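Have a look at the structure below, then read on.

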Amino acid sequence: MIKIGILPRLNEELHRYVFSSYLIDKMRTYTILPLFLFDESQFPECDGFILAGGGDIDPQRYHQEKHPKTKLDDFKLEKMEFAVVNYAQKHQLPLLGICKGMQVINVYFGGTLHQHISHHQNITHPVILSDGREVLVYSDHHQCIDKLASGFEVQAFDHDQIIEAIRNKQILGVQWHPEVETESSLLTSFFQEVAAHKVTKHQNR
């Protein structure tokens, strides 16, 4: 069975780990096993990774002062997010970053962020894909890419020229939330990519 690593978030008030039911439901539809990652020792069990949304990255990582609107995420979780990107890059494993996940990818590879924008919270809006098609997506974020990381290509913009999707080989990031879509061709393609990579990896042993 294909295993995709995801990071649960700690709800301190409830003293429980939580995760996106939207994402888990999509994975179950494709008979994919979500592997909840609590330690880097679990990484070798994964065939691919998904970094979902969350709070804000510590701006010290991209050499900026903290904006008043920036709300830092859990330190341990952020450390694990960057470790996932490092592992996926080192072992050439498929990685999908969603919302904050795309921002983590961009910062890891040397890019920077706009720490606050005011018009992308809880909205459905069009984005323009690299092939010229326009699709509607759901977004809920207040930060976005400023300087694009070296080696990445932009796969989508919105009408305000905000970068909405990036790619470098097996690493893909999207600023919107494909997991909430009834049918997501993007997630389908990513799951197929993970499956194909696993087959290729097995054949090359």
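Helix H1 (residues 21–29) lies across strand S1 (3–6), S4 and strand S5 (48–51), and runs at about 140 degrees to S4. Helices (H or I, at least four residues) and strands (E, at least two) are DSSP runs, numbered from the N terminus. The angles run from 0 to 180 degrees between N-to-C directions, with axes as lines fitted to C-alpha atoms, for helices over the stretch in contact; contact itself means heavy atoms within 4.5 Å.

Keep in mind that this is a predicted model, where local features need pLDDT of at least 70 and side-chain atom pairs count only at pLDDT 80 or more, while totals for chains, interfaces and linings use all residues. Residues are numbered from 1 along each chain as its sequence is written, and side-chain values use heavy atoms, leaving out hydrogens and water.

**The sheet**
- Nine strands make an open sheet with mixed pairing, in the order S4-S1-S5-S6-S13-S12-S11-S8-S9.
- Strand S4 (33–36) and strand S9 (134–139) are at the edges with a single partner strand each, so one side of each has no neighbour in the sheet.
- From one strand to the next, the twist averages 25 degrees.

**Under helix H1**
- S1 and S4 run parallel and are joined by four bridges; two strands count as paired if DSSP finds at least two bridges between them.
- In this pair, Ile4 sits opposite Pro34 in S4.
- S1 also runs parallel to S5, with two bridges joining them, and here Gly5 is opposite Phe49 in S5.

**S6, S13 and helix H3**
- Strand S6 (residues 95–98) pairs with strand S13 (residues 171–174) in the parallel sense, over four bridges.
- Leu95 faces its opposite number, Ile171 in S13.
- Helix H3 (residues 100–108) packs on the sheet and touches S5, S6, strand S12 (163–168) and S13; the direction of H3 makes about 115 degrees with that of S6.

**The S8–S9 hairpin**
- Strand S8 (residues 123–129) pairs with S9 in the antiparallel sense over six bridges, and Pro126 stands opposite Leu136 in S9.
- Four residues lie between the strands of this hairpin, in which Gly132 takes a positive phi near 95 degrees.

**Leu10**
- Leu10 belongs to strand S2 (residues 9–11).
- What does Leu10 count as at 45% relative accessibility? Leu10 is partly exposed, a label for values between buried (under 20% relative accessible area) and exposed (over 50%), using a 1.4 Å probe and protein chains only.
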